[in-house]
Amino acid sequence: MSDARGHALSLREVSKHYGSFAAVERVSLEVGQGEFLTLLGPSGSGKTTILMAVAGFVTPTAGSILLDGADITPLPPEKRNFGMVFQGYALFPHMTVVENVAFPLRVRGLSRADRDAKVRAALDLVQLGQFADRLPKQLSGGQQQRVALARALVFDPNLLLLDEPLSALDKKLRAELQEELKALHRRVGRTFINVTHDQEEALSMSDRIAILNHGKLIQHGAPGALYERPRTRFVADFLGKSNFLDGTVRDSRPGGFALENGASRLAVALPDGEAPPADGTRSLLSLRPEKIDLLPEGQSADNVLEGRVVSWAYLGTGFSLRIATEALGEIRANLPAWRSAFAPTEGLPVRLGWDARAAVPVAEDAP
Amino acid sequence: MTGTGRAGVGWWLLILPAFALLLAFYIAPIVQVLAISVTDPEPGLGNYERIFTSGAVQRVILTTLRICAITTVLALLLGYAIAYAITLASPRARGWWVLAVLVPLWISVLVRAFAWVTLLRRQGLVNNTLMNAGMISEPLPLVWNEFGIIVGMVHYMVPFAVLPMLASMREIDPRLLAAARGLGATRFEVFRRVFLPLSMPGIIAAGVLVFIFSLGFYITPAILGGGKTLMVAEWISLQILDLIRWGLGTMMATMLVVAILVTLAVFSRVVDLRRIFGAGG
Ligand SMILES: Nc1ncnc2c1ncn2[C@@H]1O[C@H](COP(=O)(O)OP(=O)(O)OP(=O)(O)O)[C@@H](O)[C@H]1O
Ligand SMILES: [Mg+2]
């Protein structure tokens, strides 16, 4: 863990075709020095393929991969000096924890003394010192995961690549290790590229998220930016939950517009600099369930909607309600439970309200 | 306890016929062989004494051990290369490979031994080709000696070496090999530090199997040895059928069984044989 600056990686129009099938299609992406980037997407979206192309196990059919500006596309994996944590960890079953962690140093021909010092440091980093002489099968899933991390970090890799590192763990341990991994990232200061299909994991750990679908990069950016301003229906739906409201654009002006759907008109405010859609075009809005409030009698909001509770679920932190409205069909709303003594019952009439800034126009996905 | 006890009795009843058969046709003859070896021509351990006193007996034992050891090593080397190639082959090619390994098993051992004789004898294909090419002036002694026996035995044993090694290689997770390369190992290092150690159970199983099999080999050494190089099985048959020395023949037969049991016992210390030969999970 000597130089702590990390390296920058760029993907330029990288494609991978298997026959006529495009597993990855023209993906361009910049990963900055020391950044924690997550590739997020549903199963089969090409996340592993991209990671394997970066690692050198998959040769792209087109495009190039650059490390700090130098083309590394033709380099074999063992020459890239990237640490990698595989899905399922891929620990060597015939080696103890120490031998596993020492493996990358051994094949690099380090002397025994150097090796020992580095292995000890790496094991301390992941708090596994006392398990040094166990075999992988004698460790729990979380401990194995940490061995895999130590093994991937011990040789000062240029990049750390993680393929669903936490997917085999139970929910509680996963949350714990998410924090640990993030802390580790801060401590070692290296560039991390993480793959997951768990949106919570992506949101909580990453500096930046790249969202993939059908081998294409759909949108990338900071977690907050992606969550707040999804650009397509797919992103809004995949990263968290969303209501989708469609209608015709009216009253278009800088900073906002109104969406007309039957008798109702919804007010939409846009952030500075975002161009409003033209009058008369169709538009789709994404509205997060937690941005909808239940309005008490007499209180108003930018948008108000009457409806009845169809069903509800108690989540501990709050209620998740499905509400049938005459104007816009079924709407999902999440309410914090502690704020009011709200007791939902089926058929209960409610007034929903939300801010003009809450709804975000999104594009329909290309077919 | 009572439940399992009753079920246990049931199981025993089920295997009783098989057990009786085994006793009548397998264990009883072996016991009889043992009995003859300590009673013929006179009661006592005189036959066993010959192991330490008779040069002929010692020569047979040493020849057998040497041929078996060389056969085992060669069959393992060849078999490992074949099993490795099969493991790395594409699924389609793999089927053809396995077929090619198994086909010889379906051809009579007698036919194969005579095929080697025609290839290796003085006017055989190999000697003729080499002479015509001017590479040798005299035919090489390729058969009716240890060399011929080893060629025939290795040929026979390779499939038995391939199968256990193939089984253990197919159990190796390919991601481990990828992981090793990702961690900086060259292809050779991946083989040496990951693949080879993980295929070791298969190597040991194949080695034990081939060695034990070779110890009692009869037809191939008899035909390719031409009566000049004797291994124990042929020697035993010679003692009993031609020289009517039952005591000596059964003594050697007993030693053969003991050698096999000792080999198994030693390796069951080193490795879990049940796992290697595919029992249990
Ligand atoms: N060797 C291959 N030959 C043919 N198709 C492949 C190959 N490897 C991957 N694919 C296909 O490429 C697509 C992307 O696969 P990839 O493994 O990258 O998905 P993923 O996003 O990692 O999915 P998951 O979340 O399930 O791991 C899939 O449709 C897969 O079937
Ligand atoms: Mg994957």
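Which side chain does B:R193 meet in a salt bridge? The partner is B:E189, with N and O 2.7 Å apart. A salt bridge is counted when a side-chain nitrogen of Lys or Arg lies within 4 Å of a carboxyl oxygen of Asp or Glu. B:R193 and B:E189 are four residues apart in helix 9 (residues 187-215) of chain B, so about one helical turn separates them. Both residues are buried, that is, under 20% relative accessible area; exposed means over 50%, and partly exposed lies in between (1.4 Å probe, protein chains only).

The model is predicted, so local features need pLDDT of at least 70 and side-chain atom pairs count only at pLDDT 80 or more, while totals for chains, interfaces and linings use all residues. Residues are numbered from 1 along each chain as its sequence is written, chains are lettered from A and ligands numbered from 1 in the order in which they are written, and side-chain values use heavy atoms, with hydrogens and water left out.

Chain B holds 13 helices and zero strands. Helices (H or I, at least four residues) and strands (E, at least two) are DSSP runs, numbered from the N terminus. The C-alpha atoms of chain B fill a box of roughly 80 × 70 × 35 Å along the principal axes. Of the 281 residues in chain B, 40% are buried. Contact means heavy atoms within 4.5 Å. Among the contacts in chain B with a separation of 6 or more, 68% join residues 24 or more positions apart.

The surface of chain B was also examined. Chain B exposes about 16,000 Å², and carbon and sulfur atoms supply 72% of that area. Accessible areas come from the Shrake-Rupley method with a 1.4 Å probe; for residues, only the protein chains shown count as cover. A nonpolar surface patch of about 960 Å² includes B:V9, B:L13, B:F19, B:Y26 and B:V31. Patches are made of residues with over 30% relative accessible area and no salt bridge; like charges are joined within 9 Å, and nonpolar side chains (Val, Leu, Ile, Met, Phe, Trp, Tyr) within 5 Å. B:V31 is partly exposed, at 49% relative accessible area.

The size of an interface is often given as the accessible area lost when the parts come together. Here, the area buried between chain A and chain B is about 1,700 Å². Carbon and sulfur atoms give 69% of this buried area. Buried area is the accessible area (1.4 Å probe) that two parts lose on being put together, summed over both. A:E78, A:H94 and A:V107 supply 30% of the area that chain A buries against chain B, more than any other three residues. The contact takes 22 residues from chain A and 16 residues from chain B.

One salt bridge is counted between the two chains. It joins B:R181 to A:E78, with the closest N and O atoms 2.6 Å apart. Four residue pairs, both at pLDDT 80 or more, are in polar contact between chain A and chain B. A polar contact is a pair of N or O atoms within 3.5 Å; within protein, one must be able to donate a hydrogen and the other to accept it, and residues adjacent in sequence count only if both atoms are side-chain atoms. On the side of chain A that touches chain B, helix 2 (97-106) and helix 4 (141-153) are the elements that give two or more residues. Helix 2 of chain A gives the largest share, three residues.

Over all chains, the structure holds 22 salt bridges. A:K216 pairs with A:E25 in one of them, at 3.8 Å between the closest N and O atoms. A:K216 lies in strand 10 (residues 216-221) and A:E25 in strand 2 (residues 21-31) of chain A, so the pair ties together parts 191 residues apart in sequence. A:K216 is partly exposed, at 41% relative accessible area. A:E25 is also partly exposed, at 29%.

A:S206 lies in the loop between helix 6 and strand 9 (208-213) of chain A. A:S206 is buried, with a relative accessible area of 9%. Its side chain makes a polar contact with the side chain of A:T38 at 2.6 Å. The side chain of A:S206 also reaches the backbone oxygen of A:A202 at 2.5 Å. Not counting residues up to four places away in sequence, A:S206 touches A:F36, A:T38 and A:P223.
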